[in-house]
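Q: Can you walk me through this one? I'd like the overall picture, then a few residues.

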Amino acid sequence: MIGNTLPLLLLGTMLLYGYPKSRFWALAGIWLLSGAGVWLFARSSYHFGASGLTHGIFFYLFVSGILRRDRRSAALLMIAFYMYGGMLLTILPRDPGVSFESHFFGAMAGAMLAYAFRNWDPKPVRKQYSWQRNTESDENIDEDPVIGDQWRAPPPD
């Protein structure tokens with residue numbers, strides 16, 4: 001049970017930082033859906049701990065980073081995967097004394113909610129430098145003083 005404290009703190013911080021509009025909805029949804037899945041479909045045993053919540057947050061960050069494709073989401077995906085990538089393997093049964101059902105339903109809840117909330121949060125504004133900006137036409141571009149206009153593509157036929 002104490003083993004979930006640090007992942008919950010770190011992954012929760014990443015969730016709070018990266019997804020300002022959907023963070024509380026995702027957290028509540030992961031908690032409710034993983035608990036409901038364990039309650040309805042898990043084997044008759046004792047299931048306690050926050051592993052469903054930690055797996056749900058990890059899979060939310062993982063799937064959101066893949067779906068959104070902005071720099072912040074991708075960075076959060078890579079950090080979460082570097083730190084807790086082993087969670088991908090723990091959703092399947094390995095040890096009879098460990099509730100893989102909490103892991104599995106937490107992961108499914110996180111992935112489903114990441115898909116559902118993929119457009120809720122605004123993507124960060126991407127800064128463009130002057131050398132990256134496109135101009136309206138080639139006429140506004142000054143010729144290179146060394147090679148002239150030889151770098152321009154020939155006009156289409």
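**Overall picture**

A: Of the 157 residues in the protein, 34% are buried. Keep in mind that this is a predicted model.

Q: How many helices and strands does the protein have?
A: There are five helices and zero strands. Read from the N terminus, the order of elements is α-α-α-α-α.

Q: What about contacts in the protein with a separation of 6 or more: what share comes from residues 24 or more positions apart?
A: Such residue pairs account for 78% of those contacts.

Q: Switching to tyrosine 17. Where does it lie?
A: Tyrosine 17 is in helix 1, which spans residues 5-18.

Q: Is tyrosine 17 buried or exposed?
A: Tyrosine 17 counts as exposed because its relative accessibility is 55%, and the cut-off for exposed is over 50%.

Q: What does tyrosine 17 touch, leaving out residues up to four places away in sequence?
A: Tyrosine 17 touches Arg72 and Leu76. Tyrosine 17 and arginine 72 are 55 residues apart in sequence, while their C-alpha atoms are 9.6 Å apart in space.

Q: Now the surface. Which residues make the nonpolar patch of about 270 Å²?
A: That patch is made by Leu16, Phe24 and Leu27.

Q: Where does leucine 27 lie?
A: Leucine 27 belongs to helix 2, residues 23-41.

Q: Why does leucine 27 count as partly exposed?
A: Because its relative accessibility is 30%, and partly exposed covers the range between the 20% limit for buried and the 50% limit for exposed.

Definitions and conventions: Residues numbered from 1 in each chain as written. Predicted model: local features only at pLDDT ≥ 70, side-chain atom pairs only at ≥ 80, totals over all residues. Heavy atoms only, no water. Patch = residues over 30% accessible without salt bridge, like charges linked within 9 Å, V, L, I, M, F, W, Y side chains within 5 Å. Areas by Shrake-Rupley, 256 points an atom, 1.4 Å probe, with all protein chains shown as cover. Salt bridge = Lys/Arg side-chain N within 4 Å of Asp/Glu carboxyl O. Helix = DSSP H or I, 4+ residues; strand = E, 2+ residues; numbered from the N terminus. Buried < 20%, exposed > 50% of the residue type's maximum accessible area, 1.4 Å probe, protein only. Contact = heavy atoms within 4.5 Å.
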